[in-house]
Amino acid sequence: MHEHLETASDITGLSRVVIEPVSRVEGHGKVTLLLDDERRVRQARLHIVEFRGFERFIQGRPFREVPTLVQRLCGICPVSHLLAASKACDPFVLGNARITPTAEKLRRLLHHGQVLQSNALHFFHLASPDLLFGFDDAVAHRNVIGVLADHKELGLRGIRIRKYGQEVIRHLTGKRVHGTGSAPGGFLKPLSAPERDAMLRDIDQIVDWCVASNALARDNYLANEAEFRGFGESESAFMSLVSRDGAAELYDGVLRVKNAAGEIIVDNHDPARYLDLIREEVKPWSYMKFPYLAPFGHDAGYYRVGPLARINNADFMPTPLAEAARREFVDYGGGKPVQAALAQHWARMIDTLMCAETIRELLDDPELLGSDLMAQPSEPAREGVGVIEAPRGTLIHHYKIADDETISYANLIVSTTHNNRGMNDSVRAVADKYFDGREISEGLLNRIEVAIRAYDPCLSCATHALGQMPLIIEALNPDGSLQSRLLRHDDGRIAQE
Amino acid sequence: MNGNDFTFVLDGENIPFEPGQTIMEAATQAGVYIPHLCYHEEYRPRGSCKLCTVKINGHFGTACTMPVQPGMQVDNDTDELTAMRRRVVQMLFVEGNHYCPFCEKSGNCQLQAVAYHVGMQDSHYPHFYPLRNVDASHPDMLLDRDRCIQCELCVRASRETDGKAVFGLSGRGTRTQLVVNSESGLLGDSDFSITDFAARICPTGALIPKREGYPLPIGARLYDAKDIARVGHRQPSSKAAGEK
């Protein structure tokens, strides 16, 4: 942990370096670094400067429109929000009953299409320029256009994998982005045989490309292992969903936490009881909260989520090619969870391979074409929690409804929020290791962004909250010394210091 | 032209009409679409939404209220009128809280379809963001005043067809709101029923049945593939039970 770099003890005379916006990530964020005269980093923070408000403004809306509404949190992983909200709202229609088998399979297919396309987008469009060209490559070249120019086949493959995932979404929801497939109680649109056949036509090719993409990510990591292993390293526990039998699971399962030593410290945890596990800390310099695992306290409760957590936590992958890839990854870790920030790319490609294989298995299932999509309503509940593994990690939607079926309470913990502490720690690790005493250069600043990018953060998703967040406003003199300071406490009180 | 020549000219075409018909009725009978929102063939026209404004012998007038005269020259599909109608629709959008992306009526909504038809790309005017209540008290129907354009179709349907007078408009100017005739003011305390014709007549998503969700997938909705002018004049009928 590098928390000593969160807040400088004295900011007098420190110079400020700002990276804004952080590029090649979803949403808007900035990094500030405070350096002393010898260019040693005294403070490093990733600030999330967007502000949304979904948890508040969906209150009073009828619950049936909520899944379709909250998917607008994101343009990259809307399906994850659609499905997490659908799961959370299922009990408002079904009580304890489950959705129909066909509806569950359609939701699973939809979700695996979502994770496939989002992971491909991140790896090929956003991250691969750093990995293929190096962190110091010219900015004008270090982007997806540069990848297409120098590695045309690879770049096109990435675009086509993503396109395939988008097509899965379109077949199931009517649109590639923000469709209307899933609803409380089941699924709205049956899948036709021609639509299924259209997806079957290309799936073998997609699986082959995902095998090659995993090999690329693995080989790239191992070839640069000496540098990558310690790059932005942050030692944490990992949380993810797994199935009851311990397999990696994206749609529905139980929560598992593995600590840095590789011991399972939480298992079979009912996702509906997430509040027993997670607390959220607020800091006055960011709109994004900082969750931790409450039973282990603030420090020991530091955890991360996402593909790295999924691969580290799973006893096995549910599909054969992904399982073979996971074994290689586990062997590299030597029995302990892999902690390297940049190993997330490798883990993400194993995850992607699992998605492609799962899509193939689902498309072969005749039950997918069933017409029984909405389960029979039964005694409805008034509270529901939906937890899902979104591309960036565990996504939690929690709602309560009033007697008139409108939303009275909403709490969302978005994947990127879980990783807020991890991203900040990786930023500080990079700043600590690379900056001290050196001349600031674009390549040096890019290393900070590379560390953030490894988490594939979706900053717009993660800033959904509306609350009495503490804020500090500081007025600085020209020499950087503090002139005045205004503090808004989390109870809304405002005080001048 | 003689006294028995019951035709008028609409966008340069001779259109027959029956004596006593309005321009809207004659155009609809001839298969010509004139944009409208507050007009319904079963009720006396109000001419309040102004969307059916046409140019009649060089002067502006509402097609739903103006009786046709033989030889009348009417312009409907012109750039000038489309631009004016676009402004009217934009004003309707900013006056309420219309969020098509998650509205269950999206794709089947006349207001949205007309907006596409007149080429509305943005709101143009500043949004009012009025504070309007959602009334979810009725067991079968949701009243979302955010989406109400105050066309009074539900008012007329409830009064004239259902014989109930559940709805009315109250207040003045921008504070005008749809109100419910019950002691509490809640729809759930009125004698409104999902089987009423008023439950099926809303051109937007202000009055929608509960538990339907998004019944038609994107691509299969009324206005997904065809512009409202090509879909043509299509309204629920009080004579056709269950039609939506």
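## Strands of chain A

In this predicted model, strand β1 (residues 15-19) of chain A pairs with β2(A) in the antiparallel sense, over five bridges. In that pairing R16(A) stands opposite L34(A) of β2(A). β2(A) is also joined to strand β3 (residues 41-48) of chain A by seven bridges, and these two strands run antiparallel as well. Here L34(A) stands opposite Q43(A) in β3(A).

β2(A) and β3(A) form a hairpin with five residues between them. In the turn, R39(A) has a positive phi of about 60 degrees.

## Burial of β2(A)

Strand β2 of chain A spans residues 29-35, and seven of its seven residues are buried. Both faces of the strand are covered. On one side lie G29(A), V31(A), L33(A) and L35(A); on the other lie K30(A), T32(A) and L34(A).

## Contact between chains A and B

The contact takes 19 residues from chain A and 14 residues from chain B. About 1500 Å² is buried between the two chains, and carbon and sulfur atoms give 61% of that area. Of the area that chain B buries against chain A, 43% is supplied by F102(B), Y214(B) and I218(B), more than any other three residues.

## Polar and charged links

Three salt bridges are found across the interface of chain B and chain A. One of them joins R61(A) to D146(B), with the closest N and O atoms 3.4 Å apart. The side of chain B that touches chain A has eight nonpolar and six charged residues, and no polar ones. Between the two chains, three residue pairs are in polar contact.

Methods. Residues are numbered from 1 along each chain as its sequence is written. Chains are lettered from A and ligands numbered from 1 in the order in which they are written. This is a predicted model: local features need pLDDT of at least 70, side-chain atom pairs count only at pLDDT 80 or more; totals for chains, interfaces and linings use all residues. Side-chain values use heavy atoms; hydrogens and water are left out. Contact means heavy atoms within 4.5 Å. Buried area is the accessible area (1.4 Å probe) that two parts lose on being put together, summed over both. A salt bridge is a side-chain nitrogen of Lys or Arg within 4 Å of a carboxyl oxygen of Asp or Glu. A polar contact is a pair of N or O atoms within 3.5 Å; within protein, one must be able to donate a hydrogen and the other to accept it, and residues adjacent in sequence count only if both atoms are side-chain atoms. Ala, Val, Leu, Ile, Met, Phe, Trp, Tyr, Cys and Pro count as nonpolar, Asp, Glu, Lys and Arg as charged, and the others, Gly among them, as polar. Buried means under 20% relative accessible area, exposed over 50%, partly exposed in between (1.4 Å probe, protein chains only). Helices (H or I, at least four residues) and strands (E, at least two) are DSSP runs, numbered from the N terminus. Two strands pair if DSSP finds at least two bridges between them.
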